Amino acid sequence: MDLQRAICIRKAVIEDNTGIGRIMAWFIANTQSSWRYQALDKKEVERWLGEHLAHPVHQVWVAEIEDRIIGYSCLSDFRSGEGYWPCAEDSIYVLPDYAGQGIGTMLMNCILRQAGVSHLKTVVAAIDSENQNSIRFHQRFGFRRSGYLQNVGWKNNHCLDLVLMVYAVPE
């Protein structure tokens, strides 16, 4: 099967909460990509998704194959406060069985187009310093390293460092 043709990239709907929650739970349990300790329950995922869907800039995109959600991406507030409106933080997650097949690229393209249409100025990526694959992935799209925060996280019994990368949204 030609995976590129079989994948559907679309805006998420509230009924996608179970599939998105499954992906969140996998990354929380198995990686340091998310610094959460426990998976969100179904109501928490539904609330998170509903809040994103209600915010035009923060739409969630899903990658679907044969009615199964295998990845998602979104923009979220980088920081609270109305003064940060021209900036958003990105999130992109693709289940490991589908990694390296261009799905992350398709999902990133969706959120970067959305950032442009929404007149954002900057997209921020906050990445665990040990996640070199994600750092290289973001560099491919023009994200530049702009900061390094040492010992700001804790997971799996050790301190974590955070790499901040920024993408200047073309006008």
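Start by selecting His-119. His-119 is exposed, because its relative accessible area is 58% and the cut-off for exposed is over 50%. Keep in mind that this model is predicted. His-119 sits in the loop between helix 4 (103-117) and strand 5 (122-128). Now check its backbone. The phi of His-119 is positive, about 65°, although the residue is not a glycine.

Next, select Asp-67. Here phi is near 65°, again a positive value in a residue other than glycine. Find Asp-67 in the loop between strand 2 (60-65) and strand 3. Is Asp-67 buried or exposed? Its relative accessible area is 72%, so Asp-67 is exposed.

Now turn to the rings. How many aromatic pairs does the structure hold? There are 7. Select Tyr-72 and Tyr-93. Their ring centres are 5.5 Å apart. Their planes meet at 35°, so this pair is tilted. Trace the chain between the two. Tyr-72 lies in strand 3 (residues 68-77) and Tyr-93 in strand 4 (residues 87-94).

Move on to Phe-78 and Tyr-84. The centres of these rings are 6.5 Å apart. With planes at 70°, the pair is edge-to-face. Phe-78 is partly exposed, at 28% relative accessible area. Tyr-84 is partly exposed too, at 36%.

Last stop: the cysteines. How many disulfides does the structure hold? The count is 0. Select Cys-8. The nearest cysteine sulfur belongs to Cys-110 and is 10.0 Å away. A disulfide needs sulfur atoms within 2.5 Å, so Cys-8 is in no disulfide. Cys-8 is partly exposed, at 33% relative accessibility.

Now select Cys-74. Cys-74 is in no disulfide either. For Cys-74, too, the nearest cysteine sulfur is that of Cys-110, 12 Å away. Is Cys-74 buried or exposed? Cys-74 has a relative accessible area of 0%, so it is buried.

Note on methods. Residues are numbered from 1 along each chain as its sequence is written. This is a predicted model: local features need pLDDT of at least 70, side-chain atom pairs count only at pLDDT 80 or more; totals for chains, interfaces and linings use all residues. Side-chain values use heavy atoms; hydrogens and water are left out. Rings of Phe, Tyr and Trp (its six-membered ring) pair if their centres lie within 6.5 Å; planes under 30 degrees apart count as stacked, over 60 as edge-to-face and the rest as tilted. Helices (H or I, at least four residues) and strands (E, at least two) are DSSP runs, numbered from the N terminus. Buried means under 20% relative accessible area, exposed over 50%, partly exposed in between (1.4 Å probe, protein chains only).
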